[in-house]
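Biologist: I am new to this structure and would like to learn how its features are read, one after another. Could you take me through them, giving the general idea before the particular case?

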Amino acid sequence: MVARTPWLPRVARGARRGMNVATATHQEKNVEVFVPIAQEEVLRNYRRVANDVAQAAVDCGRNPEEVKLVAVTKTHTLEHVLPARTIAGCVNFGENRLEEALQKIEQARDLGVKDINWHYIGTLQSRKAKKLVDTGSFCLVHSVDSFKLARKLSQAADTGGRTVHVLLQVNTSGESSKQGLNPSGWKQAVQEGLLDLPGLSIEGLMTMAPFTSDEEVVRSCFSRLASFREELQILAGKDTKHLIKELSMGMSNDYKIAIEEGSTIVRVGTDIFGSRPKP
């Protein structure tokens with residue numbers, strides 16, 4: 001049994017008993033009630049995934065330190081995910097809803113936990129760009145999916161004297177359900193002055209593969225993103241202010257394939273924290 005840190009909020013009663021089911025039926029009202037997995041299981045899951053990520057890198061001849069694991073905490077309560085930081089040592093958390101993320105960040109600070117790198121990985125509306133920038137809370141925004149959003153982030157950063165570190169989200173699968181610049185869209189954005197926007201540092205690219213058992217389809221999406229990064233590096237030139245080294249690709253169901261194709265950031269949620277509560 002892993003020792004609990006004294007100030008951590010108590011987890012749900014079912015979780016303390018070691019329940020590992022995503023939902024349970026309330027006997028009196030006969031309705032579904034979300035029950036988070038136990039803290040001990042979160043810790044085991046995180047350590048297992050971290051080891052698997054490192055091993056996947058070694059298996060394809062890469063240095064494990066080249067691949068960063070972002071634990072996707074979206075929709076989970078802070079009390080459910082915080083032990084991954086305070087006990088297991090996870091330093092990178094990913095959120096996809098701005099208001100929810102800011103609430104967790106504030107709660108974590110109130111508890112004295114400040115050494116977390118918060119990644120914004122969800123769709124961001126242009127009208128919320130200034131709010132995100134002004135907080136100064138995110139180390140990396142993975143989801144810049146339009147030139148319009150890039151301009152809004154740039155304007156807010158330039159006005160506030162900040163630099164926002166971002167990834168361009170590219171839709172490499174062609175699915176209409178996926179957000180992101182299409183394969184020609186990011187090149188057009190470069191032609192329109194994307195690389196010259198003040199206050200914006202483009203760290204690399206991000207994509208999501210289709211949820212499918214066809215590994216070749218998944219692999220193709222990831223390999224395309226890697227080739228786009230090379231093209232972007234060439235277009236930017238050697239003297240660019242942009243690093244353009246990151247490839248954020250790979251989630252719970254496909255991160256091992258992503259690592260084989262060069263991923264530098266994998267985003268894993270369900271395999272660590274269990275199923276998410278329904279909205």
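**Reading the model**

Modeller: Let us begin with the surface: the protein chain has an accessible surface of about 13,800 Å², and 46% of it belongs to carbon and sulfur atoms. Such areas come from the Shrake-Rupley method with a 1.4 Å probe, and for residues only the protein chains shown count as cover. This is a predicted model, in which local features need pLDDT of at least 70 and side-chain atom pairs count only at pLDDT 80 or more, while totals for chains, interfaces and linings use all residues. Residues are numbered from 1 along each chain as its sequence is written, and side-chain values use heavy atoms, with hydrogens and water left out.

Biologist: What pLDDT does the protein chain average?

Modeller: The pLDDT is the predictor's confidence in each residue, from 0 to 100. The protein chain averages 89, and 86% of the residues score at least 70. Over residues 1–34, however, the pLDDT is below 50, although this stretch has 61 contacts in the model beyond near neighbours in sequence, a contact meaning heavy atoms within 4.5 Å. Where pLDDT is low, the predicted coordinates should not be read in detail.

Biologist: How many helices and strands does the secondary structure of the protein chain come to?

Modeller: Helices (H or I, at least four residues) and strands (E, at least two) are DSSP runs, numbered from the N terminus. In the protein chain there are 11 helices and 10 strands.

Biologist: In which sense do strands E4 and E5 pair?

Modeller: Two strands pair if DSSP finds at least two bridges between them. Strand E4 (residues 92–95) pairs with strand E5 (residues 117–120) in the parallel sense, over four bridges, and glycine 94 has histidine 119 in E5 as its bridge partner. Histidine 119 in turn has leucine 140 in E6 as a bridge partner, and E5 pairs with strand E6 (residues 138–144), again in the parallel sense, over three bridges.

Biologist: Is asparagine 171 buried or exposed?

Modeller: Buried means under 20% relative accessible area and exposed over 50%, with partly exposed in between (1.4 Å probe, protein chains only). Asparagine 171 counts as buried because its relative accessible area is 11%, and this residue is found in the loop between strand E7 (164–169) and helix H8 (185–191).

Biologist: With which side chain does the side chain of asparagine 171 make a polar contact?

Modeller: A polar contact is a pair of N or O atoms within 3.5 Å; within protein, one must be able to donate a hydrogen and the other to accept it, and residues adjacent in sequence count only if both atoms are side-chain atoms. The side chain of asparagine 171 makes such a contact with the side chain of serine 173, at 3.2 Å, and a polar atom of the asparagine 171 side chain lies 3.3 Å from the backbone oxygen of lysine 178.

Biologist: What is phi of isoleucine 244 near?

Modeller: Phi of isoleucine 244 is near 50°, a positive value in a residue other than glycine. Isoleucine 244 is found in the loop between helix H9 (215–236) and E9, and it counts as buried because its relative accessibility is 1%.
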